[in-house]
Amino acid sequence: MRMKTRMLVLLLAAVCVSDAQSSNSSIDTKQQQQQSVWDEPLRFSTKTKDSCAMVVSTAGNYTRLRVSCRSPSQTTGRSYYCDFQGKPNLCPAYNVNPRHYFTQMMWELRKLKNACQGAKIYHPHMCRKSPDEVQMTFLTSWPKTTAPKPSKEHPKPVVQVQPKAIATPKPVKTQPQPSKPLTGKRPPSRRPTPKTGKTTARPTEELESGASRLATEYCWNSFHGICSYLISWFQK
């Protein structure tokens with residue numbers, strides 16, 4: 001009996017030791033993965049050939065990312081950086097391959113002229129369905145871009161120059177020249193046009209008509225001519 005109990009104790013001790021070793025090995029692999037992501041920065045170049053590096057660190061329950069860039073020009077030598085913060089560890093795909101999470105973010109940053117002037121929230125493809133709390137959100141940057149202050153000088157009013165009206169020349173009145181008098185010849189006199197109207201009977205015709213009327217009333221037909229002559233002679 002004692003031999004059997006000793007064998008069982010030894011077997012249980014071996015199983016516990018193997019479980020502890022396996023758990024320690026898994027913890028070590030996770031720490032190695034995290035250290036490899038955090039210790040080795042991701043390097044890339046922007047659209048304007050700025051050389052940049054992505055460094056991951058922790059800040060409490062958050063994962064923080066700093067993107068530092070420098071211009072290749074030796075004359076200007078400008079440099080800038082920006083910080084992002086999030087909780088990507090809440091995404092299961094991130095815990096499997098955290099380095100690939102930031103690699104997908106790097107593919108978006110390299111398309112920009114300035115790596116710190118892109119989106120405010122980055123949704124890598126592997127965790128695109130996760131809420132905004134999981135994603136990397138813009139935190140701060142240096143140098144800070146400030147909006148230009150409006151100048152105090154009041155702009156001078158623009159005076160619109162109106163085109164001068166073209167003066168139209170006034171028509172010159174031509175005075176009629178006086179006609180020269182004709183020497184030795186008189187101007188032809190115009191004949192008056194006869195006015196249309198009732199023609200008045202001559203007095204002799206009136207006398208003759210009156211004498212003939214009286215002759216027909218008071219004389220015989222055979223003496224009609226003599227009577228009318230005499231009557232007309234007396235009326236004159």
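A: Cysteine 91 is buried, with a relative accessible area of 4%. In this predicted model, its disulfide partner is cysteine 127, with the sulfur atoms 2.0 Å apart. The link is left-handed, with -95° about the S-S bond.

The structure holds three disulfides. Another of them joins cysteine 82 to cysteine 116, with an S to S distance of 2.2 Å. This link is left-handed too, at -85° about the S-S bond. Cysteine 82 belongs to strand E4 (residues 79-86), while cysteine 116 is in the loop between helix H3 (98-109) and strand E5 (121-122), so this pair ties together parts 34 residues apart in sequence. Both cysteine 82 and cysteine 116 are buried.

The remaining pair is cysteine 52 and cysteine 69, with 2.0 Å from S to S. Here distant parts of the chain are linked: cysteine 52 in strand E2 (residues 51-59) and cysteine 69 in strand E3 (residues 62-70), 17 residues apart. The link of cysteine 52 and cysteine 69 is right-handed, with 115° about the S-S bond. Cysteine 52 counts as buried because its relative accessibility is 4%, under the 20% limit. Cysteine 69 is buried as well, with a relative accessible area of 4%.

Note on methods
Residues are numbered from 1 along each chain as its sequence is written. This is a predicted model: local features need pLDDT of at least 70, side-chain atom pairs count only at pLDDT 80 or more; totals for chains, interfaces and linings use all residues. Side-chain values use heavy atoms; hydrogens and water are left out. A disulfide is a pair of cysteine sulfur atoms within 2.5 Å. Helices (H or I, at least four residues) and strands (E, at least two) are DSSP runs, numbered from the N terminus. Buried means under 20% relative accessible area, exposed over 50%, partly exposed in between (1.4 Å probe, protein chains only).
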